[in-house]
Structures are given as C-alpha cells and as structure tokens.
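Please look through the sequence and the coordinates before reading on.

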Amino acid sequence: KSTGCGDEVLYYLAYEYEQSKDLVKAREIYYELVNDWKTSKYRPNAYLAFGELYFQEAQSDPSVWAAAEAAYDQVISAPPPENKVYGYALYKLGYVYWNQGEYEKSIDAFKKIIDYGTKFSQLPNASQLATSARRDLIPVYALWGDPKKAYNFMKPLSGDVGGENDKTFKMMDELGVSYLDTGHYDEGIALYGELMSRDKGSKWCEYHGHIAEATLAKKGGDKDAIVKVISKQFAVHKEFTAGGASAEAK
C-alpha cells in the first residue's frame, strides 16, 4: 500500500493503544503499519515505538536487548534530516550497547550522535542529544578506554575549537571522577597525572588531590606510599599558591 492516509491513521491508533498501556494491541498495529506500508514516512516512528517497548522490557529481561537493537537499527536505516527520529534512535542504541557490555559500539554510537548534533543542529533536540552523548560516553569510556589516550579521544568530541581545551579538560576531569567512583584507582591516577601535565590552570592542585585520594584508597596499608603522596601534595600546594592562579582558586 502506498496511497491514502491509512498509514497515518494506523500510527496514531497504535500510539493511543500504547499510551493506554495496551502494548499487545499497539504492537499488532505498529506491525501492520511497517508490514503493509513500505514507503510510509511513519515507518521510522513505528520502529522507534517497537524499540522503546523492547527497551522497557529489556530492563527486566536482558534477552530482549537484541530485539530493541534490531528495532532501533531499522529506525536509523532512513537518514536525516527527513527522518526526524534518527538522532534519538541512535542515542538509544548507545544505551542498548552499553547495557549489553559492548562498550566500543556504545562509544561509537555516542560519537555519531555528537557528529549528528553538529551537522543537523537545526533539527529539534539535535544539539541536546549531542550534549547528552558527551556526558554519557564518559562512564562508558571509564569501562573501556585508556586513560592516557583520553585527551586525544575527547578533544575532537568536546566542542572545543582551535587551541581551546576547557571543555576537553572538563570531560577528562569528569572521567577521572568516574574512575575514582568505580574503584579504578590506577586509571584515575594515570588520568589525573595526564591532566596535571596538560592543564596548569586553576584546578592543577585539585588534580593532585585526586591522585592523593586514589593512592590512599588503593594503598591503605602502605605507609611509605601514603607519606610520599601526601608530601607531594604539600609540595604541589606550595607551588600552586606561589603561582599566578586566582585568589579564589588558591
């Protein structure tokens, strides 16, 4: 079928069933839409509805993640800007991969969302999706990425232009916090060491504070290591307070 407005009627009928929590009936009608109306502009929306329903089910039944992934894949098979739900479906795919432990695929989906938000910033919610993707890739990177490669990875994704680094350093700092919060102390120490070498600004002393924090958590019984890192903290503090940072930062 390709004529008339039956596809629109089916889409909104299925949507009403979904809103009233009759998910069985909603699925039946969404299926009729995607099966019988091959060229309908509502097909991406119908597949998105499938994806959302499966995504909810997968929270309690992980075997359903594959069905959610397949549905979202169908959504993004139609390109933007005509497909207005492309960005959201790609964003949800990032979460599907994350929940399945496919961290590299999750990172890749979030990277594509950032590119999408830049290229199609005129589309509704595109820029907001990119902002959310920058936030969400940080805990995924903490599970997968190399802390010593974080700067080069995040620089082109952060939104910094030219010689700017503020947004990149902020993302790296958030990554460091994620490392410490999840007990990845070696990675946190490496990350903050990298930040100290790159960012001599107002948070330089604080970065070493995180290194000290991670060392204390990791080496609770190693008095020599603890004395060493705390002594280094005093030295960093002395150097910082003698430098040109603002009074507030000091």
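A salt bridge is counted here when a side-chain nitrogen of Lys or Arg lies within 4 Å of a carboxyl oxygen of Asp or Glu. The model is predicted, so local features need pLDDT of at least 70 and side-chain atom pairs count only at pLDDT 80 or more, while totals for chains, interfaces and linings use all residues. Residues are numbered from 1 along each chain as its sequence is written, and side-chain values use heavy atoms, with hydrogens and water left out.

**Salt bridges**

The whole structure holds 11 salt bridges, and one of them brings the side chains of Glu-57 and Arg-27 together at 2.4 Å, N to O. Because Glu-57 belongs to helix α3 (residues 43-58) and Arg-27 to helix α2 (residues 23-36), this pair ties together parts that are 30 residues apart in sequence. Helices (H or I, at least four residues) and strands (E, at least two) are DSSP runs, numbered from the N terminus. Glu-57 is partly exposed at a relative accessible area of 31%, where buried means under 20%, exposed over 50% and partly exposed in between (1.4 Å probe, protein chains only).

Asp-108 and Lys-112 are 4 residues apart in helix α6, so about one helical turn separates them. Asp-108 is partly exposed at 34%, and Lys-112 is partly exposed at 44%. Glu-206, at 40% relative accessibility, is also partly exposed, as is Lys-203 at 29%; salt bridges that share partners join these two residues and Asp-173 into one network.

**Helix α7**

Helix α7 covers residues 126-144, and its 19 residues reach 26 Å from the first C-alpha to the last, close to the expected 27 Å, a span taken as 1.5 Å times one less than the number of residues. The helix bends by about 30 degrees at Ile-138, with Pro-139 following within four residues; the bend is the angle between axes fitted to the seven residues ending there and the seven starting there. Its buried residues include Leu-129, Ala-133, Leu-137, Ile-138 and Tyr-141, and their cover includes α5 (86-99), α6 (103-119), α8 (150-154) and α9 (166-181).

**Backbone features in loops**

Most residues other than glycine have a negative phi, and most peptide bonds are trans. Lys-21, in the loop between α1 (6-19) and α2, has a positive phi near 70 degrees, and this residue is exposed at 68%. Asn-125, in the loop between α6 and α7, likewise has a phi near 70 degrees and is partly exposed at 48%. A cis peptide bond, with omega about 5 degrees, joins Pro-80 and Pro-81, and Pro-81 sits in the loop between α4 (65-75) and α5.

**The whole chain**

The chain contains 12 helices and 0 strands. Its radius of gyration is 24 Å, well over the 18 Å that the globule rule gives for 250 residues, so the chain is more spread out than a compact globule; the radius is taken over C-alpha atoms, and the rule is 2.2 Å times the number of residues to the power 0.38. Along the principal axes, the C-alpha atoms fill a box of roughly 75 × 40 × 25 Å. Of the 250 residues, 44% count as buried.

Key. Contact = heavy atoms within 4.5 Å.
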